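This report looks at the spaces inside and on a protein model, and at what surrounds them. Please keep the sequence and the 3D view open while reading.

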Amino acid sequence: MSNATQLIHSIPVDELTGAISVPIYQTSTFVQEAPGINKGYDYARTGNPTRATLEQIIAQLENGSVGVAFGSGLAAIDGILKLLQSGDEIVAVDDIYGGAFRLFTQVYQKFGIKVNYVDTSKVENVFEAVTEKTKLIWLETPTSPTLKISDIQAIAKVAKANRCWLCVDNTFASPALQQPLSLGADIVIHSATKYLGGHSDLIAGLVVTKDKELGNQIKFIQNACGAILSPFDSWLVIRGVETLHLRVRQHCANALVVAEFLSKHPAVDKVYYPGLKDHNNHEIAKKQSSGFGGIVSFSLKEDTEAAAHQFVTSTQLFKLAESLGGVKSLVSHPASMTHKTIPEEKRRAAGVTDSLIRLSVGLEEVEDLIRDIEHALSSIKIRKIQTV
Ligand SMILES: Cc1ncc(COP(=O)(O)O)c(C=O)c1O
């Protein structure tokens with residue numbers, strides 16, 4: 001049976017009523033017959049049937065044993081960091097999501113947790129960065145906005161040899177394309193706000209572990225610290241996940257057409273997309289994922305913020321907004337949005353040049369998206385002529 005069929009039928013029918021849609025148990029507490037005698041639930045921070053269904057679905061989707069749902073992707077990352085102790089070290093991908101970087105440096109550093117950032121697209125860098133204090137290796141693959149790819153299987157071997165956990169933020173690929181636990185990772189996290197939810201209408205985070213005991217430790221943290229996902233948002237994620245494979249397939253198909261179009265356009269300098277043969281880790285992307293995702297980044301020959309701003313304010317279908325992974329196409333300018341607080345030199349060295357633009361390619365007809373991009377690119381040329 002295919003993964004898509006399996007997923008659709010892993011979403012249970014309600015045993016009590018036969019409802020085909022998972023019921024939303026909007027309750028704070030559960031009546032008990034006698035102290036400690038209940039129907040499996042006592043208080044909704046500790047456990048809620050709607051959330052529990054989502055946790056089972058994501059565990060199965062990621063080929064893991066325990067799923068844990070948090071109130072946001074960052075709360076999920078925070079839940080994992082709480083496994084560590086003062087003096088522990090993390091080796092993390094240098095192109096890490098900005099919110100994770102802020103959490104690591106501005107919250108956890110003062111508790112004595114040190115993070116060593118390296119370019120994980122070269123396995124030897126990870127091998128060299130690991131010390132005997134390293135407890136966790138943190139990957140994103142692909143990364144944002146430069147779509148770097150790291151070899152999960154090879155890095156899992158480094159983690160195993162050094163007795164530390166490998167955690168993969170699988171937000172950009174989604175389990176429809178890539179299952180890090182099957183490649184040797186210990187923990188997967190998601191900003192379910194993105195492809196899993198899929199409709200830009202919620203904020204949610206998910207964690208899945210391979211090992212049951214480790215999963216139970218994270219469940220303990222979820223209850224002890226309380227950053228749970230609400231029943232309604234759990235239901236929204238379940239509803240999004242039902243169409244995950246279908247949506248992701250179309251995101252990938254559209255993104256490839258967009259990337260190929262951009263590669264040939266005279267106003268475009270570099271295109272970042274793991275599906276292009278000239279991407280430096282294209283072969284690794286092909287080996288570990290069944291598709292290349294819906295995010296495409298590119299820089300302009302006129303490498304200025306002004307040119308990029310002209311583009312991002314000229315598209316009609318690509319809406320200017322942070323976030324990604326929804327039905328509607330989005331465009332963002334990392335240098336003046338997500339990466340604004342990073343010092344210029346550091347930002348440029350990481351490949352986030354002044355004109356770099358990130359597209360979250362949505363589910364519109366791809367011909368319409370190409371026309372929209374073509375129009376926005378031509379507006380840069382017109383602006384230049386007008387300002388000379
Ligand atoms: C790769 C990645 N991980 C984690 C997060 C954090 O997720 P959330 O915004 O749901 O807290 C984001 C948000 O953009 C992200 O892009």
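## The largest cavity

The lining of the largest cavity has eight nonpolar residues, four polar residues and no charged residues. The model is a predicted one, and this cavity has a volume of about 50 Å³. How many cavities of 30 Å³ or more does the structure hold? There are two of them.

Pro142 is placed in the loop between β4 (134–140) and α6 (152–161).

The loop between β4 and α6 also holds Pro145. Which residue is joined to Pro145 by a cis peptide bond? The partner is Ser144, and omega for this bond is about 0°.

Another backbone feature belongs to Ser174, which is not a glycine but has a positive phi of about 70°. Ser174 sits in the loop between β5 (165–169) and β6.

## The second largest cavity

The second largest cavity has a volume of about 30 Å³. Its lining is made of Phe70, Ala75, Asp78, Gly79, Lys82, Ile221, Cys225 and Ala227. Sorted by class, these residues are five nonpolar, one polar and two charged.

Which helices each supply at least two residues of this lining? They are α3 and α7 (212–225). Helix α3 provides the largest share of the lining of the second largest cavity, namely three residues.

## Around the ligand

Helix α3, which spans residues 73–81, also gives the most to the shell around the ligand, again with three residues. In total, 13 residues surround the ligand. The closest are Leu74, Asp169, Ser191, Thr193 and Lys194. The shell divides by class into five nonpolar, five polar and three charged residues.

Three of the closest residues, Asp169, Ser191 and Thr193, can be described by distances to atoms of the ligand. For Asp169, a polar side-chain atom lies 2.7 Å from a nitrogen atom of the ligand. For Ser191, an N or O atom in the side chain is 2.9 Å from an oxygen atom of the ligand. For Thr193, a polar side-chain atom lies 2.6 Å from a ligand oxygen atom. On its own the ligand has 390 Å² of accessible area, and the protein covers 88% of this area.

## The largest pocket

Where does the ligand lie among the pockets? The space that the ligand takes is the largest pocket. This pocket has a volume of about 1100 Å³. Its lining consists of 41 residues. Nearest the centre of the pocket are Ile96, Tyr97, Gly98, Gly99 and His339.

Several helices and a strand take part in the lining of the largest pocket. At least two residues each come from α3, α4 (98–108), β6 (187–191) and α12 (344–349). The element that gives the most is α4, with five residues. By class, the lining of the largest pocket has 16 nonpolar, 14 polar and 11 charged residues.

## The second largest pocket

The second largest pocket contains about 560 Å³ of space. It is lined by 19 residues, and those closest to its centre are Asp14, Glu15, Tyr25, Tyr41 and Pro49. Its lining has 11 nonpolar, five polar and three charged residues.

## Points to find in the view

A few places can be looked up again. Start with α3, which supplies residues to the shell around the ligand, to the lining of the largest pocket and to the lining of the second largest cavity. Finally, find Ser191 and Thr193, which are among the residues closest to the ligand.

How values were computed
Residues are numbered from 1 along each chain as its sequence is written. This is a predicted model: local features need pLDDT of at least 70, side-chain atom pairs count only at pLDDT 80 or more; totals for chains, interfaces and linings use all residues. Side-chain values use heavy atoms; hydrogens and water are left out. A residue is near a molecule or strand if one of its heavy atoms lies within 4 Å of it. A polar contact is a pair of N or O atoms within 3.5 Å; within protein, one must be able to donate a hydrogen and the other to accept it, and residues adjacent in sequence count only if both atoms are side-chain atoms. Accessible areas come from the Shrake-Rupley method with a 1.4 Å probe; for residues, only the protein chains shown count as cover. On a 1 Å grid over the protein atoms alone, a cavity is a set of points where a 1.4 Å probe fits but cannot get out, and a pocket is an open set with protein on both sides within 12 Å along at least five of seven lines; lining residues have an atom within 4 Å of a point. A molecule sits in a cavity or pocket if more than half of its atoms lie within 2 Å of its grid points. Helices (H or I, at least four residues) and strands (E, at least two) are DSSP runs, numbered from the N terminus. Ala, Val, Leu, Ile, Met, Phe, Trp, Tyr, Cys and Pro count as nonpolar, Asp, Glu, Lys and Arg as charged, and the others, Gly among them, as polar. Grid points are joined across faces, edges and corners, and a volume is the space filled by probe spheres set on the points.
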